[in-house]
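The following exercises concern a single protein model and are meant to be worked with the coordinates open.

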Amino acid sequence: MPDIIICDDDKFMLGLSVEAALKCIEKENSRIVCATQDSAEVMLYIKKNPGDYLYFLDIDLGRAALNGVDVARLIKKQKPLSKIVFVTSHADMATDILKSGVEAFGFIEKTADRDKMLQAYRKYIRLVSQDAPGNAPADEPVVNLLIGIDEYLSLPVSQILYVDTDKAISHFVRYHTVDGSDLSVRDTIENVLQKLGDDFMKSHRSVIINKNYVVSVSNGMVNFAGGEQADCSFRLKNDVMKKCGVKKA
């Protein structure tokens, strides 16, 4: 689990972010190494202490010379695989960021609701923690996927983000993983649901989601911690929000 850097020009929101992050890393081998209102301080810290960090960056940093997107570009230039979560009071800015070409690990909408902030931070920190090398137990559950004649691929269940029907190939489903890859195999949604266990549920008649990675539900879509989305039917929306412990975005 990498150490954490937080930058927000609003002193109150910075305090909420630090409070939430600290609660989430109590049992993790991680710490907050830089929490500041100044983007220049972030750049100075990583210059003096190069490494891999999990960043929570405010998009709008007021009068600072560098805003959150500028900082993210510089970080990505030095460390392309850095995980950056943007924190914003303007949810519609997420689309603009994605269009800018800056790869975001995710987005958190600012709120004075401590429980909601804690929930959002917990999602991303858990996602990074589960993805960290050496954190997967030797006996971690896997699904064995037939990808050729007598050829199987063992996919760790914790790495499955969601599964949906493959619209391009009849009687096939696609496994979408946390790292952004996907794999199509011959199977049915009902059969897959029986294999995956209690961490999974349907969000649509043709979609199975991993409840651990869901951060919100909005506009007929389930939103995951890494920014991905999957279909959510109106009929199942309330059930998804209840079982995933999230609210409507």
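## Exercise 1. Salt bridges

Task. Determine how many salt bridges a search of the whole structure finds, and characterise the pair formed by Lys 110 and Asp 8.

Solution. The model is a predicted one.

Step 1. One of the pairs consists of Lys 110 and Asp 8, whose side chains meet with an N to O distance of 3.2 Å. This pair links distant parts of the chain, 102 residues apart. Lys 110 belongs to the loop between strand 5 (106–109) and helix 5, and Asp 8 to the loop between strand 1 (3–7) and helix 1 (11–24).

Step 2. Burial is assigned when relative accessible area is under 20%. Lys 110 has 18% relative accessibility and therefore counts as buried. Asp 8 has 2%, so Asp 8 counts as buried too.

## Exercise 2. Two further pairs

Task. Where in the chain do Lys 23 and Glu 19 lie, and which strands hold Asp 164 and Arg 174?

Solution. 

Step 1. Lys 23 and Glu 19 form a salt bridge in which the closest N and O atoms are 3.8 Å apart. Both residues lie in helix 1; because they are 4 residues apart there, about one helical turn separates them.

Step 2. Lys 23 counts as partly exposed, with 43% relative accessibility. Glu 19, at 28%, also counts as partly exposed.

Step 3. The side chains of Asp 164 and Arg 174 meet in a salt bridge at 3.2 Å, N to O. This pair links distant parts of the chain: Asp 164 is in strand 8 (residues 160–165) and Arg 174 in strand 9 (residues 172–177), 10 residues apart. Asp 164 counts as buried at 7% relative accessibility, whereas Arg 174 counts as partly exposed at 25%.

Step 4. Salt bridges with shared partners also join Asp 8, Asp 58 and Lys 110 into one network.

## Exercise 3. A buried aspartate without a salt bridge

Task. State which side chain of opposite charge is nearest to Asp 166, and describe the surroundings of Asp 166.

Solution. 

Step 1. Asp 166 is located in the loop between strand 8 and strand 9.

Step 2. Asp 166 is buried but has no salt bridge. The nearest side chain of opposite charge is that of Arg 174, at 4.6 Å. A salt bridge requires the nitrogen and the carboxyl oxygen to be within 4 Å.

Step 3. A polar atom of the Asp 166 side chain lies 2.9 Å from the backbone nitrogen of Ala 168.

Step 4. With neighbours within four places in sequence left aside, Asp 166 is in contact with Phe 172, Val 173, Arg 174 and Ser 184.

## Exercise 4. Nonpolar cores

Task. Identify which residues of the largest nonpolar core touch the most other members.

Solution. 

Step 1. Nonpolar side chains tend to be buried together in soluble globular proteins.

Step 2. The largest nonpolar core here has 44 residues, and Phe 56 and Ile 209 touch the most other members. Helix 5 (residues 114–131) supplies the largest share of this core, 8 residues.

Step 3. Not counting residues up to four places away in sequence, Phe 56 touches Ile 4, Ile 5, Ile 6, Cys 7, Val 85, Val 87, Ile 108, Tyr 121, Tyr 124 and Ile 125.

Step 4. Another core, of 20 residues, lies apart from the largest one, and its members include Met 43, Val 71, Ala 72 and Ile 84.

## Exercise 5. Backbone and overall composition

Task. What are the phi values of His 171 and Asn 219, and is each residue buried or exposed?

Solution. 

Step 1. Most residues other than glycine have a negative phi.

Step 2. His 171, in the loop between strand 8 and strand 9, has a positive phi near 65°. His 171 is exposed, with a relative accessible area of 59%.

Step 3. Asn 219 has a positive phi of about 50° and is found in the loop between strand 13 (214–218) and strand 14 (221–224). Asn 219 is exposed, its relative accessible area being 76%.

Step 4. For the overall setting, the protein chain has 7 helices and 15 strands. Of its 249 residues, 46% count as buried. Its accessible surface is about 13,400 Å², with 49% belonging to carbon and sulfur atoms. Among contacts between residues at least 6 apart in sequence, 51% join residues at least 24 apart.

Methods: Residues are numbered from 1 along each chain as its sequence is written. This is a predicted model: local features need pLDDT of at least 70, side-chain atom pairs count only at pLDDT 80 or more; totals for chains, interfaces and linings use all residues. Side-chain values use heavy atoms; hydrogens and water are left out. A nonpolar core is a set of buried Ala, Val, Leu, Ile, Met, Phe, Trp, Tyr and Cys residues joined through side-chain atoms within 4.5 Å. Buried means under 20% relative accessible area, exposed over 50%, partly exposed in between (1.4 Å probe, protein chains only). Helices (H or I, at least four residues) and strands (E, at least two) are DSSP runs, numbered from the N terminus. Contact means heavy atoms within 4.5 Å. Accessible areas come from the Shrake-Rupley method with a 1.4 Å probe; for residues, only the protein chains shown count as cover. Lys and Arg count as positive and Asp and Glu as negative; His and the chain ends are not counted. A polar contact is a pair of N or O atoms within 3.5 Å; within protein, one must be able to donate a hydrogen and the other to accept it, and residues adjacent in sequence count only if both atoms are side-chain atoms.
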